[in-house]
Amino acid sequence: MPPGQTESPVPTIAGDRLWDDVVATARFGGTAGGGITRLALSEEDRQVRDWFAARTRDLGCELSIDAIGNMLALFPGHDATLPPIAMGSHLDTQPLGGRFDGILGVLAGLEVLRALKEAGCLLQRPLAVVNWTNEEGARFSPAMFGSSVHAEALSVDAALGIRDRDGTTVGDALEAIGYRGAEAPGARRFAAYLELHIEQGPLLEAEHRDIGIVTGVQGLRWFDIEIEGLEAHAGSTPMGRRRDALVVAAELVLAARDIARRHAPGVITAGHCVVSPNSRNVVPGRVRLEIDMRHPESAGLEAMEAELAAAVRVGNDVGTTSMRRIWAKAPVAFDPRCVAAIGRSAAACGLSAVEIASGAGHDAANLAALAPTGMIFIPSRDGLSHNENEYSTPEQCARGTQVLLETVIQIDRLLSS
């Protein structure tokens with residue numbers, strides 16, 4: 001706190017205004033089922049980025065865009081020489097995704113700035129709201145590469161060269177929507193980073209808690225499994241003489257399910273399958289499976305990967321199988337000071353809270369290597385996410401945003417003391 005400044009009541013966010021933003025941004029890529037399809041660097045992504053840019057300029061922010069398309073809106077503090085406290089998340093969605101995953105963290109950051117500006121409250125440090133490029137990984141793989149490039153875990157050139165399934169590169173897609181910026185990724189460092197997000201799981205709702213104090217993010221590994229059998233006529237090839245690649249794939253999916261059950265709380269998902277030639281009357285000759293594996297402990301990930309690899313080798317009895325790890329993120333623990341500050345903020349707001357580990361990956365996991373980092377969860381109805389029926393109430397969104405505001409102020413005072 002600057003010399004001579006006295007502690008004043010914390011400003012209050014406007015829940016109705018925040019909800020209006022949720023409704024307004026849902027039109028960019030809105031679906032008939034009430035959800036959103038807004039893939040990274042698509043036309044719909046351009047539209048919501050333009051909306052975000054306009055709102056930050058309304059607040060008097062300085063907006064910068066880096067070479068991978070990350071957007072950063074800088075709001076002044078008393079001392080412009082200090083690195084900012086950043087808030088944010090992402091604007092892209094899954095196909096047929098929801099209206100809250102990711103974007104709520106960006107909208108909450110905007111609302112924090114509005115509340116502070118309306119109250120005439122200037123913190124010691126500048127504040128930043130960030131939109132990270134391609135958090136979801138639905139169009140371009142791997143996920144979270146905007147924050148990965150910022151954290152120097154992935155090179156800019158490597159990220160720009162990634163292609164989607166149609167062959168379009170990230171670099172070309174950024175140029176097409178006008179969001180390939182000039183700033184070097186990672187040029188701006190943060191004093192701390194805070195991210196508000198829906199839980200995307202059932203625990204907060206089941207335990208009737210208002211706020212999840214996120215202690216960390218579980219580790220993650222992605223695998224591509226290739227299975228090559230032999231295409232054959234469906235009517236004239238006896239069952240005993242078939243080399244059916246899809247049967248092997250089905251057995252591997254079941255094996256993956258059983259491996260995860262043996263290593264609880266680990267989870268494994270076979271989320272994408274490509275079958276060739278994909279014809280009703282042809283025995284499948286080739287299959288590619290895309291596997292997502294997660295566990296809060298590195299040892300758990302190692303054990304699950306070893307067992308999955310063994311199951312893949314068994315598939316060689318029918319055809320030729322291979323497994324390639326294409327991406328890995330180690331488990332991450334968040335900064336104890338941020339975790340404690342979120343807990344104090346929830347208590348100050350009169351809200352019930354519980355410490356929780358994140359089952360999903362988030363940009364905050366990449367930022368944790370660079371600055372003190374914390375995450376705030378609010379409940380998701382029925383635990384749904386990556387789904388058109390994803391929902392959190394206006395009151396839940398407002399409560400989480402008020403906790404975010406309280407925590408930003410606490411972190412500013414902590415770092416300035």
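A cavity here is a set of grid points where a 1.4 Å probe fits but cannot get out, whereas a pocket is an open set. Please keep in mind that this is a predicted model.

Stop 1: Across the whole structure, a search turns up five cavities of 30 Å³ or more. Go to the second largest cavity, with a volume of about 100 Å³. To find it, select Asp-66, Asn-70, Leu-72, His-150 and Glu-183, which are the closest to its centre among the 15 residues that line it.

**Stop 2: the largest pocket.** Next comes the largest pocket, which holds about 1200 Å³ of space. Its lining has 49 residues, and those closest to the centre are Gln-94, Glu-136, Trp-222, Asp-292 and Arg-294. Now show the strands: β7 (219–228), β9 (267–276), β11 (286–295), β12 (320–329) and β14 (353–358) each supply at least two lining residues. Which strand gives the most to the lining? Pick out β11, which contributes five residues. By class, the pocket lining divides into 19 nonpolar, 17 polar and 13 charged residues.

**Stop 3: the nonpolar cores.** Select Phe-52, Leu-127, Val-170 and Leu-404, the residues with the most contacts inside the largest nonpolar core, which has 89 residues. Helix α3 (residues 103–119) provides the largest share of this core, with 10 residues. Zoom in on Leu-404: beyond its neighbours within four places in sequence, its contacts include Met-87, Ala-108, Val-112 and Ile-376. Another core, of 21 residues, lies apart from the largest one; Phe-223, Ala-245, Val-275 and Leu-289 are among its members.

**Stop 4: the salt bridges.** The structure has 25 salt bridges. Start with Arg-114 and Asp-21, whose closest N and O atoms are 2.7 Å apart. Arg-114 is in helix α3 and Asp-21 in helix α1 (residues 15–25), so this pair ties together parts 93 residues apart in sequence. Are these two residues buried or exposed? Both Arg-114 and Asp-21 are buried.

Now select Arg-221 and Glu-302, which meet in a salt bridge at 2.8 Å, N to O. Arg-221 sits in strand β7 and Glu-302 in helix α9 (residues 298–314), 81 residues apart. Arg-221 counts as buried at 7% relative accessibility, while Glu-302, at 44%, counts as partly exposed.

To finish, select Arg-17, Asp-21, Glu-111, Arg-114 and Glu-118 together: salt bridges that share partners join them into one network.

Key: Residues are numbered from 1 along each chain as its sequence is written. This is a predicted model: local features need pLDDT of at least 70, side-chain atom pairs count only at pLDDT 80 or more; totals for chains, interfaces and linings use all residues. Side-chain values use heavy atoms; hydrogens and water are left out. On a 1 Å grid over the protein atoms alone, a cavity is a set of points where a 1.4 Å probe fits but cannot get out, and a pocket is an open set with protein on both sides within 12 Å along at least five of seven lines; lining residues have an atom within 4 Å of a point. Grid points are joined across faces, edges and corners, and a volume is the space filled by probe spheres set on the points. Helices (H or I, at least four residues) and strands (E, at least two) are DSSP runs, numbered from the N terminus. Ala, Val, Leu, Ile, Met, Phe, Trp, Tyr, Cys and Pro count as nonpolar, Asp, Glu, Lys and Arg as charged, and the others, Gly among them, as polar. A nonpolar core is a set of buried Ala, Val, Leu, Ile, Met, Phe, Trp, Tyr and Cys residues joined through side-chain atoms within 4.5 Å. Buried means under 20% relative accessible area, exposed over 50%, partly exposed in between (1.4 Å probe, protein chains only). Contact means heavy atoms within 4.5 Å. A salt bridge is a side-chain nitrogen of Lys or Arg within 4 Å of a carboxyl oxygen of Asp or Glu.
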